[in-house]
Amino acid sequence: MREKFDAIVVGAGASGNAAAYTLAKAGLSVLQLERGESPGSKNVQGAILYSDALERIIPDFRDDAPLERHLIEQRMWVLDDESFVGTHYRSDEFNKPPYNRYTIIRAQFDKWFSQKVQEAGALLICETTVTELLMDGKRVIGVRTDREGGEVYADIVILADGVNSLLATKARFHYEIAPKNVALAVKEIHFMPQETIESRFNVSGDAGVVIEMAGKITKGMMGTGFLYTNKESLTIGVGCMLSDFKNQKITPYQLLEQMKEHPSIKPLIEGGEMKEYAAHLLPEGGYNAVPKVYGDGWMIVGDSGMFLNSVHREGSNLAMTSGRMAAETVIELKGAGKPLDEKHLARYRKNLDDSFVLKDLKKYRNLPTVFHANPYFFNTYPELVNQAMHEMIKVDGIDKKTKEKNIRRNFTQKRSLFGLMGDAYKLWRAFE
Amino acid sequence: MSTAKVEEKLFQNRYRVDTGRPHITIRNAEICTNECADQQCTVCCPAGCYTLEGNGRVVLISDGCMECGTCRIICDEHRNVAWEYPRGGYGILFKFG
């Protein structure tokens, strides 16, 4: 028997769940296929949940979603080998409900989200890998799975299959991902008593802290490190562009080990029990790397569509929003009795263009090029800034004017005045 | 040294290995040995699945694979990595993710 659904959603991560939930809620028949043992068992994220994106899908998610800590403080550190220069932003505004951001543990959160999807009426089948798309000419008409007789059909197939985007690559909707468009991140989760976390990070109750880091921890590679507080655990990780990883000899786990040894980081994670090590690619190619995300009978959502804002470390909200918007486009077209073809699905891309998802990516579209072409940003400048700070703070009988001169000389020795000005200009243009 | 360390890390992870059916294979071992200058898969794989043997051969054991996709994407000059997801239910099973 040929089974046919209104929609098939491939993947039960943030974007797939958002799409499946929205579709099912509107009364469409939805089949969701997940290759993991349960939703979340294949998914890796930092992880920070941005309330706004989820609120627009499940307004009362706070009632029962498994949330770790709401974030009241953001620290940004620029690291040298032994030091860091940083800014901390902490506000009691963030300590008042409804909270804006939370840390989450994806395996638990995804199970919860998936429960909501199923309650909305979608059929979820786990332990099923989609191996290819079924085509009728140019049109996607269903999927083939690795189950026996596992061919299923639908009016629309929504690809929420994650950063590797194998299905769209195989179907030649886009090319294989280039190393310069993805970052590899590795992370560990360390468990420790709640009180230890609260005293180390100066928080109480369910409040939490985020530390984002850049500088010498990535050994000159374009990348960042992070440390997030969960209820009874810390997540620590580091990620760099694959194109940079490709040109050096440090393994990702050595990089993480070295970062954990940094004198400013080590005391924060001391005594924790490491319970999982994970790796994941992040689609950081930005606006210019976003592939075609719709066609006859298919749409791409989430990481698979490169919807990730690397500057602001946002991904799950772009994933959820793109999933929701894809679903809304389908609902609208179905309601109007229009075909789900390339011409009509174009409004999905238009809606993304008009939303923060692509507006934000567009804003930073030149940033990857600026950073890729410039090794100074992740090594030399962090070093110089830290040295300048050190010079100004250390009291050693040298007058401040001389100290200023030393700092200036240090800068121009490492990078010509024109180089410095050029970099500042490029950076300003890229962030403008 | 570094290999021992990654094994300790992977020991914390949960896997259901599809014995005898690796989801990643090297298409042509000769290319790795003779044509690939850097063999960066042996550096970049976060699970240390690729090791370089004395005779210049690259050996892949994918049991500890975290299914990130790094090896496939960095092999952009030779496209010598055949990469599929494991069968449904197999492979890494993240406890926390």
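Reader: How many helices and strands are there in chain A, and what makes a stretch a helix or a strand?

Author: Chain A has 15 helices and 17 strands. These are DSSP runs numbered from the N terminus: a helix is H or I over at least four residues, a strand is E over at least two. The model is predicted: local features need pLDDT of at least 70 and side-chain atom pairs pLDDT 80 or more, whereas totals for chains, interfaces and linings use all residues. Residues are numbered from 1 along each chain as its sequence is written, chains are lettered from A and ligands numbered from 1 in the order in which they are written, and side-chain values use heavy atoms, without hydrogens and water.

Reader: Why is chain A called as compact as a globular protein of its length?

Author: The radius of gyration (taken over C-alpha atoms) is set against the globule rule, 2.2 Å times the number of residues to the power 0.38. For 432 residues the rule gives 22 Å, and chain A has 23 Å, which is close, so chain A is as compact as a globular protein of that length. Its C-alpha atoms fill a box of roughly 85 × 50 × 40 Å along the principal axes.

Reader: What share of chain A counts as buried, and what makes a residue buried?

Author: Buried means under 20% relative accessible area, exposed over 50%, and partly exposed in between, with a 1.4 Å probe and protein chains only. By that cut-off, 60% of the 432 residues of chain A are buried.

Reader: Why is A:Asp80 called buried, and what does A:Asp80 touch?

Author: A:Asp80 has 11% relative accessibility and therefore counts as buried. The residue sits in the loop between β4 (70-79) and β5 (84-90) of chain A. Contact means heavy atoms within 4.5 Å. Not counting residues up to four places away in sequence, A:Asp80 touches A:Lys216, A:His262, A:Glu383, A:Asn386 and A:Gln387.

Reader: What makes A:Glu314 buried?

Author: Its relative accessible area is 18%, so A:Glu314 counts as buried. A:Glu314 is in the loop between β17 (298-300) and α9 (316-335) of chain A. Leaving aside neighbours within four places, A:Glu314 contacts A:Tyr50, A:Leu308, A:Asn309 and A:Phe356.

Reader: Why are α1(A) and α3(A) called roughly parallel?

Author: Axes are lines fitted to C-alpha atoms, for helices over the stretch in contact, and angles run from 0 to 180 degrees between N-to-C directions. Under 35 degrees counts as roughly parallel, over 145 as roughly antiparallel, 65 to 115 as roughly perpendicular, and the rest as oblique. Helix α1 (residues 14-25) and helix α3 (residues 106-119) of chain A cross at roughly 15°, their axes coming within 9 Å. That makes α1(A) roughly parallel to α3(A).

Reader: Which residues of α1(A) and α3(A) meet, and how do they divide?

Author: A:Ala14, A:Asn17, A:Ala18, A:Ala20, A:Tyr21 and A:Ala24 of α1(A) meet A:Arg106, A:Asp110, A:Phe113, A:Ser114, A:Lys116 and A:Val117 of α3(A). They divide into seven nonpolar, two polar and three charged. Here Ala, Val, Leu, Ile, Met, Phe, Trp, Tyr, Cys and Pro count as nonpolar, Asp, Glu, Lys and Arg as charged, and the others, Gly among them, as polar.

Reader: How do you know that A:Lys116 is buried?

Author: The relative accessible area of A:Lys116 is 17%, so this residue counts as buried. Leaving aside neighbours within four places, A:Lys116 contacts A:Tyr21, A:Ile58 and A:Asp64.

Reader: Why are α13(A) and α14(A) called roughly antiparallel?

Author: Helix α13 (residues 380-393) and helix α14 (residues 400-414) of chain A pack at about 170°, with axes 10 Å apart. They are therefore roughly antiparallel to each other. The residues of this contact divide into six nonpolar, four polar and six charged.

Reader: What pattern does chain B follow, and why is chain B called as compact as a globular protein of its length?

Author: Chain B has four helices and six strands, in the order α-β-β-α-α-β-β-α-β-β along the sequence. Its radius of gyration is 13 Å, close to the 13 Å that the globule rule gives for 97 residues, so chain B is as compact as a globular protein of that length. Buried residues make up 53% of the 97.
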